[in-house]
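Please read the following note alongside the sequence and the model.

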Amino acid sequence: MKLTVLGGAGFRTPQLINGLFKHTDIQIDEVVLFDTDNERLTTIGTIAQYLVSKNNNPFKVSFTTDVREAIAGADFIYSAIRVGQEESRINDERVSLKHGVLGQETTGPGGFAMALRTIPVMIEYTKIINELAPNAWLLNFTNPSGLLAQALNTYGHHNKVIGICDAHAGIKNSLCKFLNVPHTRLQADYFGLNHLGWVPSVLVDGEEKLPEILANYEKLSNIAHIFSFFDAELIRNVGMLPNEYLYYFYYHDKAVKNINESNETRGEQIVKLSRPLFARLSALIKEGKIEEAVDDYNVTLEARSSTYMSRETSGNVHNVFEHEEKVDITFEEEGYEGLALNVIRSIMNNKQQILTLNVPNNGTIAGLHDDDVVEVPCLVNKNGYFPLAIGEVPDVAMSLIKPVKTYERLTVEAAVKGDYEAALNALTVHPLVPSFTVAKAILDEYLQVHADYLPQFSTKKVEV
């Protein structure tokens, strides 16, 4: 079995490689890393090859800047590309913040700008996949994951596309910790869009536990960092547990204020960690000090993980991480690599599992179009994925889902067709953008700073 990684020079690639060692039931013969950045690819590829050799070479790892070579004959393709690298992410954040709007890379204008750059590239890749690996499954982790899944299911040239995010696994494991039960006994229902979802029911051995959890939300938020961002009053009023990214919708003003006061965006924070790391890794590898390079990578990975959402939440996440309780129970696999491998295992080995994925709605959530990509639990086996029916959802959730899904549809049209009007409408209807005036100012500045990555808009008149 051949696994191809698009964006193979990415920071998380060694995690994926390490994840493969734990799953001997997945018979992988070859992993091919593809990236357009040859220097970073060589660094990450060398580390990946070292990790494989250290684990007795259970499979072969190679790396290439030739996308056709990487894709040809693949069985599974893992996509984690970043068009414009971290520098473009910083522009996404700063332009939006300049106008008083959140610039997060998946939510609001930041995700919009990233999608405009990324969708055309991914659509071109799907043409190659359809030509050279027509039976491959494309597992898309590229952000914004749900929006990319929407684009690829609408305009992609390949029909085996799944959008993946590990947020639900994190929620489930936090609930397992709180209730002190293994993941095999707990079911956390879920519905929504990527980074815009809710848990309406939590069952343990068939018994509903959500009322108990809501009544004791303060305790839950003290032992699980992803719930620490929300006031108990808010969550009890909503009557459902939140995906952590709802913080940006429920506390938009606070998020913007905290980022501005920190004088550093998440993109800037990551560049500060990653750029020096890659320079050190490259130097260590050239000196033959590969073990030191791996140790350096692991230390930086921990620093990066521990600062997740710290700027937006004014650093309160650190206190929660420090005091999280340790419990002796089994958890569902987390992380992008964990979820990807679960999907691969289900399809390859026909191991039936319920996994939360981004797939076309097809009647799963009432009130949305059939071709709207939603994030819902799916039964996964050798025949693919099968979304589990949700039906009607509470108005308090649909009041956010519908405008964000409208924004996503418009963003896809804008990215594919270079349609300025669709782009402007997309930002105007987004719940985090306060007015048409602000939407237009943000869009025009994005089209200027990202002109090199947005050739589809090159004939449009942009006023800045």
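1. The side chain of Thr 106 forms a polar contact of 2.8 Å with the side chain of His 195. A polar contact is a pair of N or O atoms within 3.5 Å; within protein, one atom must be able to donate a hydrogen and the other to accept it, and residues adjacent in sequence count only if both atoms are side-chain atoms. The side chains of Thr 106 and Gln 104 are also joined by a polar contact, at 2.7 Å.

2. The model is predicted: local features need pLDDT of at least 70 and side-chain atom pairs count only at pLDDT 80 or more, while totals for chains, interfaces and linings use all residues. Residues are numbered from 1 along each chain as its sequence is written, and side-chain values use heavy atoms, with hydrogens and water left out.

3. Thr 106 lies in the loop between α4 and α5; helices (H or I, at least four residues) and strands (E, at least two) are DSSP runs numbered from the N terminus. Is Thr 106 buried or exposed? Its relative accessibility is 12%, so Thr 106 counts as buried (under 20% relative accessible area is buried, over 50% exposed, and in between partly exposed, with a 1.4 Å probe and protein chains only). Apart from neighbours within four places in sequence, Thr 106 is in contact (heavy atoms within 4.5 Å) with Gly 111, Asn 143, Pro 144, His 195 and Tyr 245.

4. Two packed helices are described by the angle between their axes and the distance between the axes. Helix α4 (residues 85–98) packs on helix α5 (residues 109–132) at about 140°, with axes 8 Å apart. The α4 helix is therefore oblique to α5. Axes are lines fitted to C-alpha atoms, for helices over the stretch in contact, and angles run from 0 to 180 degrees between N-to-C directions; those under 35 degrees count as roughly parallel, over 145 as roughly antiparallel, 65 to 115 as roughly perpendicular and the rest as oblique.

5. On the α4 side, this contact is made by Ser 88, Arg 89, Asp 92 and Ser 96. The α5 side supplies Pro 109, Gly 110, Ala 113, Met 114 and Arg 117.

6. Helix α13 (residues 266–286) and helix α14 (residues 290–306) cross at roughly 175°, and their axes come within 9 Å. The α13 helix is therefore roughly antiparallel to α14. Residues that meet include Leu 273 and Leu 277 in α13, and Ala 293 and Tyr 297 in α14.

7. Gly 10 is placed in the loop between β1 (2–6) and α1 (13–21). Gly 10 and Leu 33 are 23 residues apart in sequence and 9.7 Å apart in space, C-alpha to C-alpha.
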